[in-house]
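Have the chain open in your viewer. We will go through it site by site.

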Amino acid sequence: CLVQKLGTPPAQPLFIVLVFPHQCCTSQAIVYTTFLCCFPHHFCSAMAIARGFRAAVIVVCFSAVTTVASTFPLKVPVTSTHRAATQHFLEMQSLSTMWGSSSRVGNSAHTSGSQAVVLKNNLNVGYYGSIEVGTPPQTLQVIFDTGSSNLWVPTRQSSDSKAAAYDPKNSSTYSVAQTTSTLSITYGSGEVQGIFCRDEVHIGKLSLPDYLFAEVRNTSELSDWGKMPFGGVLGLAWPALCDGPGPTILQALNQSGELDEPVFGFYLADDAAGQLVFGGVDPVHIASPFTWVDVSEKLWWTVTLDQVEFDGQTLTGSKTAIVDSGTSLLAGPKEDIHAILEIIGAKNMSGLYVANCQNISSIDFTIGGSTFSLEPEDLVLQQQGDECLLGIEEIYIPNNPLWILGDVFMRKFYVQFDFGNARMGFALARKPSDNWV
């Protein structure tokens, strides 16, 4: 096992993630260093904010991830891939700029059922999975993002990309789209531009022939995007957020008749592979009945908050929340987050919030008359001694404060996104350890 020293020890110890294969787990090592990192989030279409923090690293062990194939429903596993510390934090930095919301410019058919996709888990800060594009199929890694609505993939011209790219010349079913529209999305760290094309798109056994999506020929303006293990984005938000003529992936799948139901279910595991199911849910990962809440705005997956409470104190910064698989943390209005930090005596270490573990309380979101609680252990990313690294952050959006219920929230609750009835179902997610007998 190689332990790489990544810098000069800072004045105060920080959490550092050292990644080892499972056979090396007897090695214990803590290395101190600093990284500038950002997490992703979505908000109004004209803005993007990249958030940074300095982080330390904990020893993490991993073993091979097995993808479980299933035909009915179609299950897309989200794979968990533990990566070296430096690469991990660079990935978080790129993700943050990626997941600011966009500003607009400008094989054989599968019978009715569902499809599951394995979601790779990149140290709990990014979940991505595989799709196939073209004939013969080219396998690409994409972020399945409930905070955007377009599918775009990098092409071979994107020489900066580390992930596999789409090569139109190697697809016999590729064609340039007959549209004057172009894709232009601005993120916190740069812009991606692309042209629309048509080709076969496969998600497991779900097939979308002649589907309209964007090919992006240059991702170099996105900071560190080339270092990511994924190359593109598959948006799962509402059509109103889509750039270009559409349809969205969800619209196309629904129109194809391949899904049992117009729903998809997200399971984001903690330090393990996750899963995305199109056309249904997977009971294996569900530990309670669903509580249903209506979508309040068909743009992002938006809900109205009845109340937000922390340690008995009501937080009044916003009555709106969006559920976003592309946001790593739990993000809230500045005044609410500052109130929480003051209550627990948290310290701001270059944007990273650290507090005494004994001071952390639960935060309760009341939505549609039901309360969804995140306990202290749900809010803590890592712990070292009495100090805990928090998975919360502030987000400032002028005239439009909101909460973003990102991966911190979605690891606690399995979320069923019902685009047929414009509602979401929340259930307790079964922990990975509970799925083994």
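Predicted model: local features only at pLDDT ≥ 70, side-chain atom pairs only at ≥ 80, totals over all residues.

Residues are numbered from 1 along each chain as its sequence is written, and side-chain values use heavy atoms, with hydrogens and water left out.

Start at Asn121. This residue sits in strand E6 (residues 115-121). Helices (H or I, at least four residues) and strands (E, at least two) are DSSP runs, numbered from the N terminus. Asn121 is buried, because its relative accessibility is 0%. Buried means under 20% relative accessible area, exposed over 50%, and partly exposed in between (1.4 Å probe, protein chains only). What does the side chain of Asn121 contact? It makes a polar contact with the side chain of Tyr127 at 3.4 Å. It also reaches the backbone oxygen of Ala269 at 3.2 Å. A polar contact is a pair of N or O atoms within 3.5 Å; within protein, one must be able to donate a hydrogen and the other to accept it, and residues adjacent in sequence count only if both atoms are side-chain atoms.

Now the backbone. Most residues other than glycine have a negative phi, and most peptide bonds are trans. Thr135 and Pro136 are joined by a cis bond, with omega about -5 degrees. Pro136 lies in the loop between strand E7 (127-133) and strand E8 (138-145). Gly246 to Pro247 is also cis, with omega near 5 degrees. Pro247 lies between strand E14 (232-235) and helix H2 (249-256), in the loop.

Asn399 has a positive phi of about 65 degrees, though not a glycine. Asn399 is exposed, at 82% relative accessible area. Ala422 has a positive phi too, about 50 degrees. Ala422 is buried, at 13%. Its loop runs between strand E31 (413-418) and strand E32 (423-428).

Last, the charges. The whole structure holds four salt bridges. A salt bridge is a side-chain nitrogen of Lys or Arg within 4 Å of a carboxyl oxygen of Asp or Glu. One of them pairs Glu387 with Lys347 (3.1 Å, N to O). This pair links distant parts of the chain, 40 residues apart: Glu387 in strand E28 (residues 387-390) and Lys347 in strand E23 (residues 347-349). Another joins Arg423 and Asp418, with the closest N and O atoms 2.9 Å apart. Arg423 is partly exposed at 26%, whereas Asp418 is buried at 2%.
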